[in-house]
Amino acid sequence: MNKMHWGLLASAAAVCVPAMAGAAAPTLSDVLVNSGITASGYVDASYVEGFNKGSALGGSGVGGRAFDTSADTFTFNQAALNIGYQPTEGFGGFVNVIAGQDAKYVNASYGDGTSTFSLAQAYAQYATGNLTVIAGRFVTLAGYEVINSTLDTNISRSLLFQNLEPLVHTGVRASYKFGDPLTVYLGLNNSAVSGDGIDENHQKTLEAGGLFTPSKAISVGLYEYYGFDGGSGSGTTTVKTSFTDLTASWQITDPLSVAVNADYKKFFSSGDVGGAQAYGVAGYVNYAFLSNLKGSLRGEYLKYSDSSGYSEHDNEVTLTLDYSPAASFDVLGEFRLDGSSNDIYPNPGTDGSFKGQESDVAIKAIWKFGTPTGS
């Protein structure tokens, strides 16, 4: 090769090297997007100041709550990671893991209420046309509020969420879209009202319902869980149960939306809880004052009664403000007032007694990342 050829090669190399140096390597986000895999998550921590500092709950607890049971302390609620591959055709799956204090209450459905790590959801998926089938562990269809704190408008969960609604199910669920307005669901799960992952009897629970969205502004969901709870061993009672859930929302204007959630739960069989029933309704008014400042007002009522003659009426009002200094970060502040016909809340003092009213304030910070997927 003569000097001219070497010169041409050197010139070509000089041109190519800067171009090669300027070509950026694909990021992890690029790889995930191109592969169809989505990843997202959030970190959630809070502080609750309870005004009922009674000795009944150790002087540092709030009664009648789902997750935020500790008061006068900082609480690491959830660190969540969601990974999904959910194509519109073919096989896929979704995994949702959470760590933190909230995981204890999710795990309680699976017989372990102590671990601060929970595999909240893990299911395989198959989609073809308008039909999607999932099998494994997944969140319930019922309720306006969910485990995922980034999707709730308040810090604390509702009385319905705590007392009437299951959290997760283990089984199989099929959904079919009849065009844009209607999606119907049919499933078979291990347990009805409690949502137990460990089945203590041979009977299963039927899950059926539908989501009607006549427009982008209006949605109505109606779901029924009918089955059996309880064990089949010596000294245990299998209880036939029915749980009905109605959720409706309306985006009235761009800043203003309203929602309502109504539940009815019935135990039909004889036994310790035979003849028991509970029903309740929660209403929500959500308003965006600014693009980064929102408010939510929740009010609800719940009634429980059983064959022994016991009855209880509970209510609560919650006001929450949500400020987002950045798209990925939220700071929420809340005031909540609970009341009951019975003395179920810790009474201020050291005598271990209870009273019929409770109030508290709370603050929560949530940092989010990735593109949300799944439930």
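Predicted model: local features only at pLDDT ≥ 70, side-chain atom pairs only at ≥ 80, totals over all residues.

Numbering runs from 1 along each chain as its sequence is written, and side-chain values use heavy atoms, with hydrogens and water left out.

**Stop 1: the cavities**

A search of the whole structure turns up three cavities of 30 Å³ or more. A cavity here is a set of points, on a 1 Å grid over the protein atoms alone, where a 1.4 Å probe fits but cannot get out; lining residues have an atom within 4 Å of a point. Points are joined across faces, edges and corners, and the volume is the space filled by probe spheres set on them.

Select Val-139, Thr-140, Ala-142, Glu-145, Val-146, Ile-147, Phe-161, Glu-165, Pro-166 and Leu-167: they line the largest cavity, which holds about 80 Å³ of space. That lining has seven nonpolar, one polar and two charged residues (nonpolar: Ala, Val, Leu, Ile, Met, Phe, Trp, Tyr, Cys and Pro; charged: Asp, Glu, Lys and Arg; polar: the others, Gly among them).

Next, the second largest cavity, at about 50 Å³. Its lining includes Asp-44, Phe-67, Asn-77, Arg-157 and Lys-364. By class, the lining divides into two nonpolar, three polar and five charged residues.

**Stop 2**

(A salt bridge is a side-chain nitrogen of Lys or Arg within 4 Å of a carboxyl oxygen of Asp or Glu.) Arg-157 counts as buried at 3% relative accessibility, and Asp-152 is buried at 9%. Buried means under 20% relative accessible area, exposed over 50%, and partly exposed in between, with a 1.4 Å probe and protein chains only.

**Stop 3**

How many salt bridges does a search of the whole structure find? Nine. Go back to Glu-145 from the largest cavity's lining and show Arg-298, its salt-bridge partner at 3.0 Å between the closest N and O atoms. Arg-298 sits in strand β13 and Glu-145 in the loop between β5 and α4, so the pair ties together parts 153 residues apart in sequence. (Helices, H or I of at least four residues, and strands, E of at least two, are DSSP runs numbered from the N terminus.) Both Arg-298 and Glu-145 are buried.

Now pick Asp-330 and Lys-368, whose side chains meet in a salt bridge at 2.7 Å, N to O. This one links strand β15 to strand β18, with the two residues 38 apart. Asp-330 is buried at 6%, whereas Lys-368 is partly exposed at 27%. To see a network, select Glu-145, Arg-298, Glu-316, Arg-336 and Asp-338, which are joined by salt bridges that share partners.

**Stop 3: a positive phi**

Jump to Asp-72, in the loop between β1 and β2. Its phi is near 60 degrees, a positive value in a residue other than glycine. Most residues other than glycine have a negative phi. Asp-72 is partly exposed, at 26% relative accessibility.

Conventions
1 Å grid on protein atoms, 1.4 Å probe; cavity = no way out; pocket = protein on both sides within 12 Å on 5 of 7 lines; lining within 4 Å.
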